[in-house]
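This briefing concerns a ligand site and the domain arrangement around it. Please consult the sequence and the structure shown below alongside the text.

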Amino acid sequence: MIPFAFEKRALTRRALLGSAALGGAALVSAPALADMVDLPFSGGGGERATTTSFPQKGKMIVQRTRPPLLETPWDTFDKGVFTPNDQFYVRWHWAGIPESVDVNTFRLKVHGNVERELSLSLPELIQKLPRVEMAAINQCSGNSRGFFGPRVPGAEWGNGAMGNAKWTGFRLKDLLDRAGVKSGSIQVRFAGLEKPVIEGGPHFMKSLTIDHARDGEVMVAYAMNGEALPFLNGFPLRLIVPGWYATYWMKMLTDIDVLDKPDENFWTKKAYLIPDTPGANITPGEKDVKMVPINRMVPRSFFTNVAPGDSIKTSGPTDLRGIAFGGDCGVAKVETSIDGGASWQAAELGPDDGKYGFRRWDAKISSPAAGSRLSVQVRCTNTNGLVQPDKPNWNPSGFMRNVIETVDLVAA
Ligand SMILES: Nc1nc2c(c(=O)[nH]1)N[C@H]1C(S)=C(S)[C@@H](COP(=O)(O)O)O[C@H]1N2
Ligand SMILES: [Mo]
C-alpha cells in the first residue's frame, strides 16, 4: 500500500489505486494461526489464537476466520490514542467480501427520493466534495461481550473490538445536497459491496434518520490515519457515524438510498435492537421489554499498562495509565479508586484530539505493603454528565457493556 499524507494533492487516484489489488488470497485460504492469548473472562474460555495472515493486518486475535472477526491485541492501546490501521479490529457479517475492488469502475450511487441520482467515481468524490477530517472511535456494539454474565450468544470479544482513527473524507450532508433530498424523506439506507453467502440471506444494510444523515458530522471516509482504508476496514469508502456504534459505519460503501418509507430490511428492523432502558440494562429473563435500535455510545475507560494479576512495586508511587472516551460526547473527567469505589481521585487527561476519540489518562497511586492485594478501578464521566455504572449492564445480545473496569494487582 502507498501511504499518503493528508495533503489534498496526495489523495490522488494513484494513491487509492495502490491498495486496490490487495484484498484477495488470505480471505479465501485458511489463515495460519500463531501464539495464543488468553482474554480474561471470569468463567474462563478466553483462549484465542493470533494470526498475521490477513491482508494489511499485523498480529490480530482470531475470533472467527470466515467471515473475518479479528480483535486488536490489548497492548496496542497502550502505545497511543490512534489505533494503527494494521491492528484495527475487523468485523464482517457475511463472508462474501469481494477479493478486489476496481477503483476505475467503482462508483458511489445516491438514489431514491432525490432530485438527481448520482453515480460518482472515487476521483470525482475526492475532488468535488469539501474535505473534512475527524478523530472518532469505531466500537462494535458487542465489544467486551465475552465478559457478560450470564453469557450470551455472539462473538465473545474481549475489549479490543474498538479502535480510534483520524478519518479523512467528505460530509454525507454535502453529498446528499448534491443529489437534492426531496421532501418526505425520512431515512437514508446504506449498503456495501459484499454479498450474503446464504441463498436469500439479507444483504447487510443499515439506515439513519434523514436528520442524522444530514447533521454535518456523519461523513464518508476514504482515508484512515493518513492512508487509504485497509481492505478489511472498508476500502475504498466507509461511513463514519461519530459517537454511534459501529454497526452503522457501513464499509465498502457503494449505495445510498434516500427513503420516504421506514426501512424494513432485516438488519435495521430486526437486528441490533437494545432494551429501551438506561444503559440497555435488563435483568436476565425479563419479559415484554420495549426494544429500540442501538444508537449512541456510552462512556468507557480502561487501564492499558496493567492487567489482572500483574504485580506492582512496593516502594515509590505506581504509575497507572489508560484510555477513556465519552461515547456520544467528550470526556469530562477520569478518576481512579483503590478502595473499591469509596473514594475517587482525578486522573490527568492527555491532549484532546476531538470529542469522539480516545483520551489518554495518567494517575499515580501510592504503593501498598508487600504481599497485599490491590483492586484498582477507573471510571469516566462524559461531558453530558453520564458516568460508567458500578454494576455491569446486561442484555441478551451482549451490547453496550461499560461497567467500571476493575483490575486486581499484587504488590511484590
Ligand atoms: N459492509 C459492511 N459494513 C459493516 C459491517 C459489515 O458486515 N459489512 N459490519 C458493521 C459492524 S457490526 C461493525 S462492528 C463494523 C466493524 O468495522 P471494522 O471491521 O472496520 O472494525 O463495521 C460495520 N460495517
Ligand atoms: Mo458490530
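**Ligand site and domain layout**

The shell around ligand 1 consists of 11 nonpolar, 4 polar and 4 charged residues. These values come from a predicted model. In total, 19 residues surround ligand 1, and the shell takes at least three residues from each of domain 1 (11–91) and domain 2 (101–144 + 159–293).

**Surroundings of ligand 1**

- At Tyr-89 the backbone is involved: one of its N or O atoms lies 2.7 Å from an oxygen atom of ligand 1.
- At His-93 the side chain is involved, with an N or O atom 2.8 Å from an oxygen atom of ligand 1.
- Asn-233 likewise places a side-chain N or O atom 2.8 Å from an oxygen atom of ligand 1.
- On its own, ligand 1 has 530 Å² of accessible area, and the protein covers 100% of this area.

**Domain arrangement**

- The chain is divided into domain 1 (11–91), domain 2 (101–144 + 159–293) and domain 3 (300–411).
- Domain 2 is written as two segments, 101–144 and 159–293.
- Between the C-alpha centres of domain 2 and domain 3 the distance is 31 Å.
- The contact between these two domains involves 27 residues from domain 2 and 22 residues from domain 3.

Technical notes:
Residues are numbered from 1 along each chain as its sequence is written. Chains are lettered from A and ligands numbered from 1 in the order in which they are written. This is a predicted model: local features need pLDDT of at least 70, side-chain atom pairs count only at pLDDT 80 or more; totals for chains, interfaces and linings use all residues. Side-chain values use heavy atoms; hydrogens and water are left out. A residue is near a molecule or strand if one of its heavy atoms lies within 4 Å of it. A polar contact is a pair of N or O atoms within 3.5 Å; within protein, one must be able to donate a hydrogen and the other to accept it, and residues adjacent in sequence count only if both atoms are side-chain atoms. Accessible areas come from the Shrake-Rupley method with a 1.4 Å probe; for residues, only the protein chains shown count as cover. Ala, Val, Leu, Ile, Met, Phe, Trp, Tyr, Cys and Pro count as nonpolar, Asp, Glu, Lys and Arg as charged, and the others, Gly among them, as polar. Domain bounds come from an automatic or database domain assignment. Contact means heavy atoms within 4.5 Å.
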